[in-house]
Amino acid sequence: MTRRSDSDNDGETSSPSPSWRPKKCKGEKHVSFPPDEEIVSGFAERKDTSNVDSLTLAEVIEAYKRSCDKHQVEPKPKILDQLESVCLVRLDVCNVALLQYPAQVLSRALLRSRLTVLHLQSTCLSGRPLFTLVAALKSNRALRELYLSNNNLNSEQDSMQLGDLLRYNSSITTLDLSNNTIADSGLEEICEGLRVQTDGLKVLILWNNQITHNGLVHLAKVLPVLKTLETLNLGENNLQNRGIHTLRESLMMNHSLLQLELKHTHITCEGAVALAEFLAESRQIQRLDVRENEVRAGGLMALSLALRINHSLTSLDLDHTPKQEQEDFLMETQKSLLREISELCMGNAARHRIATETELPRPDSSEAH
């Protein structure tokens, strides 16, 4: 038996054996392609990141629109809206423990941040976290409002840090330190920082900080040189009449203060008389709050007389219920004086409104036609 070589079959067409058939796979798949015009194609654009930091918002929006036009798609309104939210301007971090590491992370972000409002109430900032925060804010020129209430900030190291902040940062216009323990020695540190500011803080809130009349000696020294302070809140501190006497001359010498808040500061008619002397001299004060103090007929009489001279005060906040007096007629006197004070303030408000409307620029008569 001889074996046939492949060469023996040259020129002949071989056919498969009738018993052989190609095996079909189970679940055999067929591949098909859509017409050319329906094939999805994409674009891979070259990313140029060399000048990203110098791009303006308008340039970013224009680049997005050009890319959409190139890809023949409509720009998405939501994306355009997000691009026109220039940056984060307000951050609320409240009622959480901002310990060392989180404070470091926040501080690093603040070095280049464009935040204008920062709320850090009840965040356990006392000590090292405040030191870290202040170190960053010394060079920050974007922040305008800083809220640090309820942080157990003390009269020693914490107050020194706050004083340093005010020395080196004149961009912050609102500083809320309410419900801490700044006390008299801490107020001295803050006033030393304020002393070097020629332009900056407009609102200082020191509500409930264990400040007494002794601490107001430091505030009295700095008030005459402050050119921008408009609101001073000293409420819920034990200032007493002596504290008001300490501040009286300095308040007269200050020409920027618009609002003075002295709610529940343990003053009586004597303190109200001292405030009336300040009102008679002031040409800019607009609001005075002396609620929850023992101001009776004598103090109300002094305030009423001062308002006949003062034409800037539009709001004098007093308790609506008269205080107890030894004589009944004095109770009626209180009621009459409260009405008179209210009417005098409303008269000042009306004059202020008319003056403001008069100062508004009138439309050009040619434009009206």
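## Helix α10

Helix α10 (residues 297-307) is largely enclosed by the rest of the structure, because eight of its 11 residues are buried; buried denotes under 20% relative accessible area, exposed over 50%, and partly exposed in between, with a 1.4 Å probe and protein chains only. Helices (H or I, at least four residues) and strands (E, at least two) are DSSP runs numbered from the N terminus. The buried positions are A297, G299, L300, A302, L303, S304, A306 and L307. These residues pack against α9 (269-281), β9 (315-317) and α11 (328-359).

## Basis and confidence of the model

This is a predicted model, in which local features need pLDDT of at least 70 and side-chain atom pairs count only at pLDDT 80 or more, whereas totals for chains, interfaces and linings use all residues. Residues are numbered from 1 along each chain as its sequence is written, and side-chain values use heavy atoms, with hydrogens and water left out.

The average pLDDT of the chain, the predictor's confidence in each residue from 0 to 100, is 86, and 81% of the residues score at least 70. Over residues 1-19 the pLDDT is below 50, and this stretch has two contacts in the model beyond near neighbours in sequence; a contact requires heavy atoms within 4.5 Å. Where pLDDT is low, predicted coordinates should not be read in detail.

## The parallel sheet

Nine strands form an open sheet with parallel pairing, in the order β1-β2-β3-β4-β5-β6-β7-β8-β9; two strands pair if DSSP finds at least two bridges between them. At the edges are β1 (90-92) and β9, each of which pairs on one side only.

Within the sheet, β4 (residues 174-176) and β5 (residues 203-205) pair in the parallel sense over three bridges. L175 stands opposite L204 in β5.

## The nonpolar core

A nonpolar core is a set of buried Ala, Val, Leu, Ile, Met, Phe, Trp, Tyr and Cys residues joined through side-chain atoms within 4.5 Å. The largest such core has 72 residues, and L148, L219, L260 and L316 have the most contacts inside it. Helix α9 supplies the largest share of this core, six residues.

## Serine 113

S113 lies in the loop between α3 (100-110) and β2 (117-119) and counts as buried because its relative accessibility is 19%. Apart from neighbours within four places in sequence, S113 is in contact with N140 and A142. The C-alpha atoms of S113 and N140 are 7.8 Å apart, although the two residues are 27 residues apart in sequence.
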